[in-house]
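Subject: Structure handover

Hello,

Here is the structure I promised to pass on. Please open it first, then read my notes below.

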Amino acid sequence: MTLAFISIISGIALIWISAEKLEKYSVLAAKQFGMSPFLIGSTVIAFGTSAPEMLTTFFVSLEDQGPMVIGNVIGSNVANLSLVFGSMLLIVSINKQNISQPKSINKNLLILLISTLLVWAVIAIDPFNIISSVVLLITLLAVIFFWYRNNQEMPEVQEEGSENSLIKLIFSLVALVFAAWLITTGANLILKNYNLGQLFIGYTVLAIGTSLPEIAASVSLALKSRYEAVAGTLIGSNIFNGLCVLAIPGLFRSSQMSKGWEYSEWSSLLVILFAITLIFCIYIFILSKRGMRASVLLSILFLSIYFISLIYAY
């Protein structure tokens, strides 16, 4: 049992370090190869922020543990909006700062809602089917094309440390793969030693393990009064998690993947996912119309939703 916790803690620590480096050096390497700002923003940065979820999902899929995959996707998306955004909002409210969002974010709010509904539909019908994976990936490509046609602004990345960025990118990716393997190994050890279902392990161990770097980053940004970047990053991360990460298990085409899968066990968590996504979108939409003082009560509401959802995950 000690080995399980050592594996998980080591994996989380390694993800903490390597995920940020992967995103940074991915962008720098892409610029060196002449990629456009659009392509960097819509694919490279999206990959960097969702790479931990993608890799843990890949390793879990190799073990044919479908319910754990779904738990990872739903848990990560709920944790992003509940724990990551809630933590940022709490810091801003304690500092008694006003908060606002650019009007350009509203189109992405609609995309987030639609992608969340599509994730719900895919999980309700058959999340382990190759057709479901194809639908999700085609939708992701459509979203990227939409961003391109609407000339979405992409985050800027500083050029410092751009020397040997490709080599540093490879080392960061190798470290992240190893980190994902450590977390997955620890999760499987807990699964074998405790009477806990794959759903709960995926929703907690995998989801929290891969979301901790984003929680730390959001708190850091809030302390620096750079809260505007948090909402946009979370929107992109949740869209990418739903449309790309959820597509991974269906690509394996394994009949064993759905073993022990019951949609009824997940319906409550999907309602919670859509509810917190809707609350988040309404709040960000209001902030895009007019700035207002950050609310402590609202931050507590966001933070509490994940912990309340654990009742249904267990």
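Two residues are in contact when they have heavy atoms within 4.5 Å of each other. On that basis, residues 24 or more positions apart account for 88% of the contacts in the protein with a separation of 6 or more. Please keep in mind that this is a predicted model.

**Overall layout**

The protein has 11 helices and 2 strands. Starting at the N terminus, the order of elements is α-α-α-β-α-α-α-α-α-α-α-β-α. The chain has 314 residues, and 52% of them are buried.

**Helices H10 and H11**

Two packed helices are described by the angle between their axes and the distance between the axes. H10 covers residues 267-289, and H11 covers residues 296-313. Their axes are 10 Å apart, at an angle of about 170°. Angles over 145 degrees count as roughly antiparallel, so H10 is roughly antiparallel to H11.

Which residues make the contact? H10 supplies Ser-268, Leu-269, Ile-272, Ile-276, Ile-279, Phe-280 and Tyr-283. From H11 come Leu-298, Phe-302, Ile-305, Ser-309, Tyr-312 and Ala-313. The residues of this contact divide into 11 nonpolar and 2 polar, with no charged ones.

Ser-299 sits in helix H11. Is Ser-299 buried or exposed? Ser-299 is buried, and its relative accessible area is 0%. Setting aside neighbours within four places in sequence, Ser-299 is in contact with Gly-86, Leu-89, Leu-90 and Ser-93.

Ser-61 belongs to helix H2, which spans residues 37-62. Ser-61 is buried, with a relative accessible area of 0%. A polar atom of the Ser-61 side chain lies 2.8 Å from the backbone oxygen of Thr-57. Apart from neighbours within four places in sequence, the contacts of Ser-61 are Val-69, Ile-248, Pro-249, Phe-252 and Met-257.

**Cysteines**

A disulfide is a covalent bond between the sulfur atoms of two cysteines. How many disulfides does a search of the whole structure find? The search finds 0. Cys-244 has a relative accessible area of 13%. Buried means under 20%, so Cys-244 counts as buried. Cys-281 is buried too, at 5% relative accessibility.

**Where to look**

Then turn to Ser-299 in H11 and Ser-61 in H2.

Best wishes

How values were computed:
Residues numbered from 1 in each chain as written. Predicted model: local features only at pLDDT ≥ 70, side-chain atom pairs only at ≥ 80, totals over all residues. Heavy atoms only, no water. Axes fitted to C-alpha atoms, helices over the stretch in contact; angles between N-to-C directions. Helix = DSSP H or I, 4+ residues; strand = E, 2+ residues; numbered from the N terminus. Parallel < 35°, antiparallel > 145°, perpendicular 65-115°, else oblique. Nonpolar A, V, L, I, M, F, W, Y, C, P; charged D, E, K, R; others polar. Buried < 20%, exposed > 50% of the residue type's maximum accessible area, 1.4 Å probe, protein only. Polar contact = N/O pair within 3.5 Å; in protein donor to acceptor, adjacent residues only side chain to side chain. Disulfide = S-S within 2.5 Å.
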